[in-house]
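Thank you all for making the time this morning. Please have a look at what comes up on the screen, and then I will take you through it step by step.

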Amino acid sequence: MKRLKAGWMMMVALCLVLAIALPAWAADVIKIGVIGPMNFVQGKGHWNGATMAAEEINAKGGVQVGQKKMMIELVKADSNEFLNITDATNAMERLMTQSKVDFVVGGFRTEAVMAMQDIAMDSKKIFIGCGAATDELCLRVAKDYNKYKYWFRGTPFNSTYLVRTSFIHMATVGAILKKTLDLPQIKIAVVAEKAMWTEGMIKASEANIPKMGMELVGIWQPSPVATDVTAELSAVQRSGAHIIFTIFSSSVGIPFARQAGELKIPAMQVGINVEAQKEGFWQATQGMGNYVFTTNTYARGVEYNDLTAPFVDTYIKKFGEVPTYNADTYAAIKYTLVPAIEKTGTLDSDKLVAFIENDVHMAPSGTVAYYKDEQGRPTHDLKWGPGFLTSLGVQWQDGQLKGVWPNQWKATPEAPEITYKGIVPVKIPPWVIEKYKK
Amino acid sequence: MIMGLLAFYLRKLYSIVRNEILVLPSRVVVALFFLFLLLVPVLFKDPYMLRILIQASIFAILAASWDLLSGFTGQMNFGHALFFGVGAYTAALLNLHLHVPPWGSIPLGALAAVVAGLVIGIPCLRLKGTYLALTTLAFPIILMGIVFALPGITGGELGVSGISRLSGSRTSDYYITVLLMLGLTTLMWKITDSKTGIIFHAIREDELAVRASGINTTRYKLLAFSLSGFFAGVSGGLYAHFMRIAGPSTLEVGLSFTVVIWAVFGGIVTIYGPVAAVFILFPLLEFLRFWPEYRTLMFAVVILLILLYMPEGLIPWVRDKIEKQCPRCKLRNVAVRKTCRVCTASLD
Amino acid sequence: MILDIIISGLISGSVYALLATGFCLIFGVARIVNIAHTAFYMVAAYGIYFGTHKLGFHPLWCMIASVILITLFGLIAYKLFIDPIREHEAAVLICTIALAMAMQEIMLLLFTGDFLSVPSLIEGFFTIFGVKVFYQQLLTFGLVLLILAALRVLLMKTKLGLAIRSTAQDREVANLMGINESRAAMITMGITVGLAGLAGAVVVPLTILEPFMWMHPLIMMMAVVVLGGLGSLKGSFVGAYILGFAEALVVFLIPKGAFLKGSVALSVMILVLLIRPEGLFGVSFEEER
């Protein structure tokens with residue numbers, strides 16, 4: 001037993017020595033940690049976007065840091081955050097103390113990102129979040145600037161704006177239905193998965209839908225991992241809703257779309273359905289997920305600005321599918337971090353933070369700028385709106401995910417009208433037209 | 001005078017070490033283990049390693065508390081995550097809303113877990129074997145449903161965050177956790193070595209006979225649930241303060257299963273078995289990080305193989321290889337000896 | 001509304017009954033709590049996905065092939081890992097947990113964590129009393145009744161059934177009577193894994209395929225079996241429908257609380273156990289000394 005334990009300790013010691021020694025050899029690189037659930041679509045997006053950015057930059061010779069050029073080295077860290085928060089924190093800790101990275105990008109699940117954020121902040125390393133939308137992550141920056149200033153939101157914009165964008169989508173579709181089918185008033189059914197992040201949206205729906213001139217006919221909340229929603233669908237149909245405002249981020253988005261399509265429920269699905277953002281959605285719903293409308297960041301053929309098409313097309317060529325918003329690790333590295341390093345000429349976190357928080361720059365998804373709250377404190381949260389980041393509304397049309405919003409959209413009556421290149425009109429399901437056309 | 005007193009105690013210490021500890025390899029291992037854990041921050045300055053050992057200590061308390069209940073009294077508890085989660089959430093909520101510092105919130109969290117232990121212990125008194133196991137499985141799930149139903153208080157799937165640290169630095173965190181672990185597991189071991197412990201053993205072996213002897217088994221079963229709940233609650237509170245977040249992941253079925261795996265792997269009806277198992281398996285799981293895809297698979301395969309060849313658990317198997325029991329005086333001896341060290345009977 | 005509840009309850013009850021029967025059988029005969037039961041169900045489902053999606057065969061052939069393959073796999077796993085340590089019940093339990101984890105990980109490696117789905121055997125739906133029912137759900141319901149009838153015939157009318165029943169009642173005496181008790185256990189294992197595979201084939205088009213899908217049905221299935229009484233097939237059947245109706249009631253009466261259906265079902269189980277510790281139809285086992 002003693003021998004066993006001694007041998008084991010030697011093995012552990014050896015590994016630790018190796019792990020500590022190895023990083024010391026490669027001193028002339030910039031180490032960027034990419035942390036995410038690598039076995040799942042979100043982590044794969046993180047990693048793919050980051051590798052694309054690193055390869056492009058290294059191919060051009062690397063990053064100019066002051067007098068010398070340094071290459072980028074990526075460190076992959078599997079946070080396993082869906083299954084185990086402990087694993088996520090350990091992974092971040094390892095990035096900080098074993099791999100000794102200079103920057104971190106990634107993260108997805110809020111519970112994990114909150115814990116991982118603390119660890120990165122303790123080590124004073126810049127962490128650009130590419131997945132969690134919770135307001136709290138950026139509110140912490142305002143409340144305790146000195147500790148949390150190293151955190152920036154890379155994507156998506158926070159949940160308040162997510163809500164606003166979804167309501168705009170709902171209003172747009174409502175207006176289209178009203179005009180095409182000559183309906184007196186649009187009825188809306190809200191189906192939201194039972195989760196913390198949907199609570200705010202449900203309250204906002206209850207308050208705003210009447211103000212938008214539409215009627216709220218019911219609210220249903222299935223479990224985020226429900227697989228049979230026929231009960232909810234029957235009830236929705238009975239309520240006479242024209243639009244189903246979906247608020248799903250978990251797997252329930254798939255059976256809901258599939259069963260609604262199979263049962264030909266006479267209502268259009270608009271809102272947030274994260275599963276519908278993935279190209280595998282078509283197969284997962286056996287083709288029944290047609291006409292589902294959801295928010296998304298990228299779509300084939302849609303361009304925000306000149307940087308979008310090169311990014312999306314190269315990504316599709318390399319990885320065979322449209323990038324998800326997690327792949328904005330690409331923008332975080334190539335358009336946020338690297339230009340900041342080159343302009344300030346240093347890797348020092350404090351100096352970089354001071355630069356980045358005032359830096360307005362273009363990225364494939366729009367223009368990136370950061371907020372300050374009403375008291376003027378920086379929150380490092382992303383600015384939303386025309387001219388900054390708006391994201392897209394996308395709809396499944398016969399097996400393809402097409403961008404359908406913004407289409408002649410004005411944020412306010414004085415704002416410029418926006419239609420991105422590649423946007424197509426919304427399609428209404430034939431069975432909905434059949435039901436309501438007089 | 002003082003030098004003489006010191007020399008006396010040192011000599012006594014020396015004789016204890018020589019006659020009690022060095023005599024048996026298992027005790028030597030335990031002593032070395034204690035020493036190693038206490039000296040780690042001095043030898044290795046790596047915060048990552050300290051982190052792993054802190055988490056291992058927390059889970060060691062949890063696994064040992066499971067063994068106290070399910071190993072010793074035979075009440076198979078498949079919902080041990082309940083105590084862990086209740087302890088974690090209570091400590092977190094007390095700390096966040098009432099600003100109770102860790103040395104207060106953790107014991108209070110543990111007491112809440114004791115209450116939880118009684119709540120599930122009482123209905124389970126009449127259940128046996130598999131029924132008991134599957135019923136206990138249900139409780140953390142029900143609690144998790146309640147957690148999601150009251151997101152205002154419990155934070156829903158985001159959990160309770162923003163809890164204060166255990167202490168100022170990683171090293172002091174380490175010493176607090178390790179000393180607590182060593183202390184609590186020794187306490188648990190002492191409990192099993194006492195009269196109460198004998199009754200626990202007896203309840204497992206033949207409850208009817210114990211009742212026939214006039215002992216109130218209900219009281220002892222509830223005592224086992226409460227003690228187990230208390231220690232598990234302590235580990236839950238420590239976890240919440242160390243990770244600075246207490247979420248629904250503390251109530252998962254997977255955690256209950258993992259605790260059972262650790263305990264059975266290490267050897268039930270010992271207390272040191274689960275502790276050793278956690279300290280072997282947890283770092284092993286971290287070490288297997290280098291192959292992230294195969295990690296859990298290798299873990300499962302290791303478990304399968306060990307159980308195939310050592311169905312009683314790893315530690316009892318190892319213990320039986322290095323020590324033998326004297327047939328006459330029942331004391332343990334090193335396996336290589338030919339005669340017992342106390343009664344000189346032949347060991348073969 | 002009532003009709004919705006009845007139909008929804010019947011359907012989810014059938015799904016649970018299908019899974020619970022196999023679990024109950026192997027416990028009754030071999031005293032093995034097979035935590036990997038739903039994991040076999042998952043592997044069978046992945047097999048069908050692989051067959052239909054990657055190889056392009058018709059779902060029916062994939063189902064049949066899947067069931068046969070999973071039965072073989074189950075038998076091999078049993079022989080290699082469980083049979084040698086059958087005497088140590090705790091170890092067997094952990095073994096099945098480890099097996100389930102291993103299967104989950106292999107599926108994760110082969111198919112990644114993305115959500116997938118399987119085509120229905122019979123597409124479409126029909127409306128009965130104003131409630132829309134999928135043909136696949138009707139198929140599930142019909143199949144459950146068919147399988148249970150077949151099992152009943154097997155157990156009551158055949159010699160093999162007699163062997164299984166006597167092993168379930170008293171292992172040692174069955175051995176004394178000349179019944180090869182370990183062979184009976186192995187055959188039962190084959191039957192239960194086959195049942196799990198069949199459940200996978202029939203139920204999976206109604207649900208989502210992912211490497212962690214085995215956990216939720218496992219819990220409900222165990223609740224059903226405990227409620228009905230371990231070792232009693234009739235109990236599992238009845239328990240499945242009771243819990244199915246309990247879930248349907250929750251979903252329809254408390255739409256905002258639909259996620260609570262699991263917790264409510266489990267509470268029902270605990271309440272019943274408080275009154276009757278052996279479950280509804282369970283046999284109180286004599287303490288084996």
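This is a predicted model: local features need pLDDT of at least 70, side-chain atom pairs count only at pLDDT 80 or more; totals for chains, interfaces and linings use all residues.

Residues are numbered from 1 along each chain as its sequence is written, chains are lettered from A and ligands numbered from 1 in the order in which they are written, and side-chain values use heavy atoms, with hydrogens and water left out.

Rings of Phe, Tyr and Trp (for Trp, the six-membered ring) pair if their centres lie within 6.5 Å, and the pair counts as stacked with planes under 30 degrees apart, edge-to-face over 60 and tilted for the rest. Over all chains, this rule gives 37 aromatic pairs. In one of them, F40(A) and F212(C) have ring centres 6.3 Å apart and planes at 20°, so the pair is stacked. This pair crosses between chains, with F40(A) in the loop between strand 1 (29-36) and helix 2 (41-59) of chain A, and F212(C) in the loop between helix 8 (181-203) and helix 9 (215-228) of chain C. Helices (H or I, at least four residues) and strands (E, at least two) are DSSP runs, numbered from the N terminus.

F59(B) belongs to helix 3 (residues 47-72) and W262(B) to helix 12 (residues 253-266) of chain B, so the pair ties together parts that are 203 residues apart in sequence. F59(B) is buried at 6%, and W262(B) is buried at 5%.

Now to the sheet. In chain A, 6 strands form an open sheet in the order 2-3-1-4-5-6, with mixed pairing, where two strands pair if DSSP finds at least two bridges between them. Its edge strands, strand 2 (63-65) and strand 6 (151-155) of chain A, each pair on one side only. Strand 1 and strand 4 (residues 103-106) of chain A pair in the parallel sense over 4 bridges, and V34(A) has V105(A) in strand 4 of chain A as its bridge partner.

Terms used:
Buried means under 20% relative accessible area, exposed over 50%, partly exposed in between (1.4 Å probe, protein chains only).
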